[in-house]
Amino acid sequence: MKPYRPPRIAPSEITSERDYFDRRRVLGALGLAAIGLAGAARHASAATPPAAAPRVTRNPRYAAKESPNSWDDITSYNNFYEFGLDKGDPKENAQDFRTRPWSVEVTGECEAPGKYTLEDILKPHALEERVYRFRCVEAWSMVVPWMGFPLADLLARFKPTSRAKYVEFTTLLDPRQMPGQRRAVLEWPYVEGLRMDEAMHPLSFMVVGLYGRWLPNQNGAPLRLVVPWKYGFKGIKSIVRIRYTERQPRSSWNIAAPDEYGFYANVNPAVDHPRWSQAKERRLGGSLFGARIDTLPFNGYAEDVASLYRNMDLRRYF
Ligand SMILES: Nc1nc2c(c(=O)[nH]1)N[C@H]1C(S)=C(S)[C@@H](COP(=O)(O)O)O[C@H]1N2
Ligand SMILES: [Mo]
């Protein structure tokens, strides 16, 4: 595959609509302050795409049939509350976010804990491209050519012990760089987790880029998780810590609203969010903008992952 050149598409193609799936309402209901980003650096977003990364080959085993959303769709309509609550805020406010040098602390139930530089983390892994469907809990979706490597390969390197039943991931805490962290919108830093067998599943992907380029900051540079059969909020961005644990980790959205955002968060059209249906989704982009399509169980990956939940009541463990 040739290094990708992003197409020139007017940003106006993606309207930053005020949708009624707005999760700020629940935050308001919890008595948390609405966020104002006064003081955040505002830039005349020149939005230069990040440098082309090494060549990657598309893995045909993981290539969704749908054609991918555009570079602009994927990089201008983001959830990254550390940089603001509106879909356009992360692109605007994360321009100067420093992702080098970067390191990841590995701790907990493993034989090789330590602090690893980003270069250490990436070095042994061949990068590949996978085109995955991506479904946010807010009922919008897209199709993304991610670049990365299997999470299982990374986790195995640190030799988890037999007590490691879960793995927890943590985002950088840095209110000076992340204006959203100056307000108690969520409990910072953002934390997410997976059961060990979910984390070791071949679909779980450590992402460092998209469309053959290094990740733009707003998409979670330099290292983020993508778990395509789960709602998007499981895909934690800008990871600085990996912890193996015996107990199920607490996770940010689950702490904020446990009745609305479960730990499992498997995409499930049959289990509605308390405030909206999950039966359909709005696919971002182009002529389909606004069209609603059916949401598939496990986001269309049921054949691969349903067996992980054989003995679980998915209405209870949502
Ligand atoms: N640290 C952190 N990670 C995060 C979020 C966030 O606010 N902070 N938002 C989540 C949500 S709700 C979604 S839908 C995806 C969005 O990823 P994208 O911007 O690359 O589409 O990131 C997830 N990871
Ligand atoms: Mo989301």
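User: By class, which residues make up the lining of the largest cavity?

Analyst: This is a predicted model. Its largest cavity is lined by 13 nonpolar, six polar and four charged residues.

User: What is the volume of the second largest cavity, and which residues line it?

Analyst: Its volume is about 60 Å³. Among the lining residues are Arg133, Phe134, Leu225, Val226, Gly232 and Gly235. Strands β4 and β10 (224–226) are the elements that give two or more residues to this lining. By class, the lining of the second largest cavity has six nonpolar, two polar and three charged residues.

User: Which element gives the largest share of the lining of the largest cavity?

Analyst: Strand β5 does, with three residues. Eleven of the eleven residues in β5 (140–150) are buried.

User: Which strands does β5 pair with, and in what sense?

Analyst: β4 (128–135) runs antiparallel to β5, joined by eight bridges; in this pair Arg135 stands opposite Ser141. The two strands form a hairpin with four residues between them, and Ala139 in the turn has a positive phi of about 75 degrees. β8 (205–210) is also antiparallel to β5, over five bridges, with Val207 as the bridge partner of Gly148. β12 (280–283) runs parallel to β5, with two bridges, and its Arg283 stands opposite Ser141.

Key:
Residues numbered from 1 in each chain as written. Chains lettered and ligands numbered in written order. Predicted model: local features only at pLDDT ≥ 70, side-chain atom pairs only at ≥ 80, totals over all residues. Heavy atoms only, no water. Buried < 20%, exposed > 50% of the residue type's maximum accessible area, 1.4 Å probe, protein only. Pairing = 2+ DSSP bridges. Nonpolar A, V, L, I, M, F, W, Y, C, P; charged D, E, K, R; others polar. 1 Å grid on protein atoms, 1.4 Å probe; cavity = no way out; pocket = protein on both sides within 12 Å on 5 of 7 lines; lining within 4 Å. Points joined across faces, edges and corners; volume = space filled by probe spheres on them.
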